[in-house]
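I opened my notebook to log what I looked up, one entry at a time. Here is how it went.

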Amino acid sequence: MSFVAANPFARTQALVIDGNATSRSLMTAQLKELGVGHVRQTTRVRDARVILETQPYDIVLCDYYFDGSELSGQDLLDELRREQLLPYSTVFVMVTGESSYAKVAEAAEAALDAYLVKPYTSAALADRLASARHRKTELKAIFESIDAREFGHAADLCLARFQQRATYWLYAARIGAELLLRLERHAEARELYEAIIAARTVPWARLGVARTEVAGGNLAAARRTLETLIGDLPEQADSYDLMGRVQMEQGEIGAALATYRTAATLTPGCLLRQQHCGTLAFYAGQRDEALKMLERSMAQGLRSKLFDWHSLTLIALMRFDAKDGKGLKYAADAMQWGIERSPRDARLRRFEVLLSGLRLLLERRLADALDVARRFAKQADAEDFDLESASLLIALWVRMARQDIELTEMDALMTRLGMRFCSSKSATEVMASMAEGHEPSAQLLREAQSRVFAISEAAMRQAMRGDAQTGVQLLLEQGTQTLNAKLIDMAALVLRRYRDRMSDPDALAPRIEALQRRYVQASGQGLKAARAGGVALRG
């Protein structure tokens, strides 16, 4: 028998993350004693995050607590899982002291592969690794289906394991519910979450019920579910993430900011929550807090894949408003570094245009700045131009309006952006906040939302009165003209609901589907939020 066949760890690579040199050396020695082929060490969570983003490891041994750092091992795992940066094949083992045992044990129930309580033996480590690898082997068929993008089949496998209470049924049920949400089978996902709660009450299943309510558009029910969950489990940060999303959807920026502040306080080392909090502080007009949070995120995570470059554009806007040329240049240099890493990223190129316009304005090169602003505005009908891009375009033009420049086309631009992107109360409030107190622009944006709402109501009245054909034609005509995602999606919805009562639905369906592909699915609505409480699936 060869050495490789006798030693299952011979070709594996492991990463040890621990701030204590003695503990780190001991973990490394234990892994090598088990026959692990290569072991790398690091002392800080921040460094580990960058390492794991760029190279996969078979085994990760991570301490829970890091002296002198706000980041915990759990923070690292949560962010990597949420952003799907940790392959399913990686076995992540959390090492903890008695004081943090309860938190780690709860995490293990959700998405952690294994945990060890100090002090532990090499035999205990070997047992945990073997158990974790066994679970991955048992569920291999599910994840092979996910990799093949056979999501329906993978969900069926999960449901079968749950119903039979087969090995790892609880973990499989969580994956299955996630798949059902992805497949937009919201009612089935909710039934599964409720069955999990009935079989064994776990916080993530209760949160899953709220997620199905949000996905189904029932924000009021989701809010009630989350209020109860937060009342019962006030330290579960994922609940605040989802509550903040609900509040944003309902246009309550101030309430969402307060909610995200709580989430960021519960997990002070979480880069994503820190950026969400800073961004909402910007929209809410709390600029001192926004600058502090976003510059802190930049200092901690600029080289991380979890850093959102949109944060840098908001920093640049605040530095411009403070007439801080040095700070603006620093933001522009950082953006240039990001573009050098991803030269084909259209999103970063748009950010670069904004920063270029701001620098020209600060240097009082007004004619050049106007030229940049107009070139930026020409992109507004592009398929991938989204709410985020529109908000930054508004921010640039509003700052242009404060200069001694005649902007004859500004009102038409604001109306055009409003008609395309003011499809909800939350989107309108975000865009109005970017108008920075320029009341004529904010008013035009709100008027656009009212017009979009009126078009939607008129089309629905036509459908309910028995003339669905005219209603869909109105939505299709206005959707084609404005590129508004809500109007396009509503045309598809009314067509589905009233198809049997329409004279020629087949003539309209292909046109609607083409618009959805180009202006709904292609660009989304920008300002993306992290999924709250979900388990990451590689597919």
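**Helix H21.** I checked how long H21 is against what its residue count predicts. Helices here are DSSP runs of H or I with at least four residues, strands are runs of E with at least two, and both are numbered from the N terminus.

I then looked at burial, where buried means under 20% relative accessible area, exposed over 50%, and partly exposed in between (1.4 Å probe, protein chains only). In H21, 14 of the 15 residues are buried, so the rest of the structure largely encloses this helix.

**A note on the source.** This is a predicted model, in which local features need pLDDT of at least 70, side-chain atom pairs count only at pLDDT 80 or more, and totals for chains, interfaces and linings use all residues. Residues are numbered from 1 along each chain as its sequence is written, and side-chain values use heavy atoms, with hydrogens and water left out.

**Cores.** I looked for nonpolar cores, meaning sets of buried Ala, Val, Leu, Ile, Met, Phe, Trp, Tyr and Cys residues joined through side-chain atoms within 4.5 Å. The largest one has 99 residues, and Trp 397 and Leu 417 have the most contacts inside it. H21 supplies the largest share of this core, 10 residues. Apart from it lies another core of 29 residues, with Tyr 88 and Phe 143 among them.

Leaving aside neighbours within four places in sequence, Trp 397 is in contact with residues including Leu 370, Ala 377, Leu 407 and Met 414.

**Gln 403.** I found Gln 403 in the loop between helix H21 (387-401) and helix H22 (410-421). Is it buried or exposed? Gln 403 counts as buried, because its relative accessibility is 17%.

Next I looked at polar contacts, which are pairs of N or O atoms within 3.5 Å; within protein, one must be able to donate a hydrogen and the other to accept it, and residues adjacent in sequence count only if both atoms are side-chain atoms. The side chain of Gln 403 makes one with the side chain of Arg 364, at 2.5 Å. The Gln 403 side chain also reaches the backbone oxygen of Arg 399 at 3.3 Å.

Arg 364 is partly exposed, with a relative accessible area of 46%. Its phi is positive, about 65°, although Arg 364 is not a glycine.

Glu 184 also has a positive phi, about 60°, without being a glycine. I located Glu 184 in the loop between helix H9 (169-182) and helix H10 (186-199), and it counts as exposed at 62% relative accessibility.

Last, I noted a cis peptide bond joining Lys 118 and Pro 119, with omega about -10°. Pro 119 is in the loop between strand S5 (114-117) and helix H6 (122-138). I flagged these spots because most residues other than glycine have a negative phi, and most peptide bonds are trans.

Notes
Contact means heavy atoms within 4.5 Å.
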